[in-house]
Amino acid sequence: MILAAYFRGKVSVETEKIFGSMAAVGLGYKKIRHLLPADIEVACRNSSISSTISGPAKSVEAFVVDLKKQGTFAKEVACSNIAYHSRYIADMGPKLLDLLSDLIKNPKKRSEKWLSTSVPQSKWDLEESQYSSAQYHTNNLLNPVLFEDTFAMIPNHALTIEIAPHGLLQAIIKKSKSKAIHIPLTQRGNPDNTQFFLTALGKIFINGLDLSIKNIYPPIFTFGQNTRDLMLPKSIQIMTLRPQNVLKAAKENDGFIDVTFYKEIVGGKCPPEILNLNSRERELVLGTEYAGITKTGQRVMGIVRYGGLSTQISSDEFFTFPVPNHWTLEEAATIPMAYLTIYWAFFFRISIRPKKSILIHSAADELGIAAIRVALAYDLNVFLTVDCPQKKRFLMKLFPELKEDQIGSCSDMSFEGMIKDKTQNLGVQYVFNTLTNDKVSASTRCLGLNGKLLQMSKFDMIENNPLGLGIFLNEIEFMAVEIDAVFREDSEDKQNLIKLFCQDIQKGIIQPIPSTVFNASDVNEAFDYYDSIDHMGKVLLKIRDNPNDQISLPIPITLRFSAQKGASYIVFGGLDGFGIEFTDWLVNRGAEKLVVSSLR
C-alpha cells in the first residue's frame, strides 16, 4: 500500500494537467449539483450538508466567492493545484494502472464486510469491484468519493478507525454520525506520532475492542509453569494471567429486560452515573429495567440502579411495583424506566401545565411514546419529530388525536421552521430534547418566552459541547434530566414521584409501549435493530419462554478471569494509577494474596 500511494503521487506530479483547485462547501451533493458551473464537479460527497468540489483554479475561486456572498460556507483546500476526483485528471489513469498492475500481481478478494466509497453500491457485485486490484485503486483516484452514500450504511453508534497519513475524515464522520466514535491512528504535523498512535490504541480498547498489543513489544521470555509465572521482556515487566473457565449456573426469576441502558455502554459512551459506582458495582453495571416473578410468585416490574441485565435481580424496594392483572410481563417491561423518566422530567424538573405546547423529539422511541401519552393526558398541545415517514404513520395510528401537520422531521433542523410557522413565531413552552450537536441549539430556538428545555441526551454534556447564550435573553431554562438522581436521594420528591406513577397506572394514563422482543441468545440482533431506522418503541430481551421456568434461555457469555484460590500474584509498578486499578481488578476477581511493588 505504501508503494501504491507513492505511485499515485508519482503520476500526479508527472502527468500534464490543468492548474486546478478544490474547495470544501457547506452544502450536500443534492443541493450543490444544481448550482455548479459547467466546468466544476463534485469530487467528494461528504454528507448531506458537506461536499468537496474540484475544477479549474479560477473557476473554483470565483465560485467560492459567490457562495460566501450568499452566506454559504466555502473554503479552498490544499490540493497541490490538482483537481482530484474529476475529469481533469483522466490522463493519470492509464499511467497509474500500468504501475499498479506490475505491483499488484495477485489482488486479494474483498471481505463481505467491505463497504466502498469509490464504487456505487449498484456495482459492488461486479467482478472488477470484488478485488483490491490495480483497476480498483485507479478508479479510486479518478472518480468521485461517495462518503455520504457509504456512511448511511454504518450504524449510528459505530466505532470507526481511520488508517491514513492523516485523520482527514474525522470532521465528516462527526457531522454525519454524531453518535459514532471516530479514532484516527495518525495526525499530520504531530511531533510524536508514536505517542499519538499508542493513545489511539488505548482509545480503541476503552471503546470495547480487545487488541493484541503484544505484537508491538519485544519478545517475552516466560519462566515457570503455573499461574504465578513472571514474563520478563527486555524493557518491561508484567504478569501473565490465565483465565479459568468459570461459568455461573442459571439463576431464577425475571422475564424481560430492556436493552436501552445496555446499549449506552456498548455504544461507546460510558454514562457519567457509572463513575459514581464503586469498582465492584461497575462489574454489574448493565441493565436498569425488568419485569419478572419473585420467589413468592408475585409478578413485579421495576428499575434498579445497575445489574438489570441478569437472570436474577436484587430489587430496589422503592422502585418495585406489582404488575396489573391485565398486563403481560412483556407489556410490564416496557413501563418503569420510560414513564418514571417522563414523570420525573414533567412534574419534578419542570411542572407542566394544561393548554401549553410541547415539542417532543424522536417521538417514536420508548421515551417519546411515553411522553406523548402523558402530554395528551394532561391536555398539552403536542408537536413531534421523527426521522422517517413510517414512524409518522406509526404514531398517527397509535395516537389518532395527533395533528399530522404538527409532526416534523428530526433528520435535519426543519422542525425549527415548523414550530415558528405553527405558533406564529411565539414558540413552544416546553421542549423534550433527545437530539445532539447543532440540533440542541435549534431546539432552544423553538422555545418561547420563559420556555423550558428538558435535555435527555447526555452526549453533548459528556462532550462538553458549547451552547450559545443569546437564547437565554428569552429567560428560558435548560434542564438536564437524570433519573439516576432519584436513586441517590431519599426525599419527598421521590415519594411523590412513586405516588403519582402508581396513581396514573390506576387511572389508565400509563399504558404499555409497543415493543419488539428478542430471545436473550439473539442479543446482537437486538442491538442491531435498536440502532436501525426501523426501531420503534421498546426493544426487549426475553429471558425465559415461560415465566415460571427454572432455567433461563441460552445466553451468550464471555469467559471471565477468576483468580486461582490460594495463589499469589505479583504486580510490578502496582503503586501508580494503572497499577492500583489493576490490583483492584484482581481483588474483585478473587485474588487473596498480592505482592505489590513500585518500579522506583
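Predicted model: local features only at pLDDT ≥ 70, side-chain atom pairs only at ≥ 80, totals over all residues.
Helix α3 covers residues 57–69, which makes 13 residues in total. From its first C-alpha to its last, α3 reaches 19 Å, close to the 18 Å expected at 1.5 Å a residue. Five names make up its buried set: Ala-57, Val-60, Phe-63, Val-64 and Leu-67. Looking down the axis of α3, these buried residues fall within an arc of 130°, so they line one face of the helix. As for what the buried residues of α3 pack against, the partners are β1 (20–25), α2 (29–32), β3 (50–56) and β4 (74–77).

Further along the chain comes a pair of helices. Two packed helices are described by the angle between their axes and the distance between the axes. Here, α13 (residues 366–377) and α14 (residues 389–398) pack at about 35°, and their axes lie 12 Å apart. The two helices make a right-handed crossing. On the α13 side, the contact is made by Ile-369, Ile-372 and Arg-373, while α14 brings in Phe-394, Leu-395 and Leu-398. Sorted by type, the residues of this contact come out as 5 nonpolar, no polar and 1 charged.

Methods
Residues numbered from 1 in each chain as written. Heavy atoms only, no water. Helix = DSSP H or I, 4+ residues; strand = E, 2+ residues; numbered from the N terminus. Expected span 1.5 Å × (residues − 1). Buried < 20%, exposed > 50% of the residue type's maximum accessible area, 1.4 Å probe, protein only. Arc of directions from axis to C-beta. Contact = heavy atoms within 4.5 Å. Axes fitted to C-alpha atoms, helices over the stretch in contact; angles between N-to-C directions. Left-handed = near helix turned anticlockwise from the far one by under 90°. Nonpolar A, V, L, I, M, F, W, Y, C, P; charged D, E, K, R; others polar.
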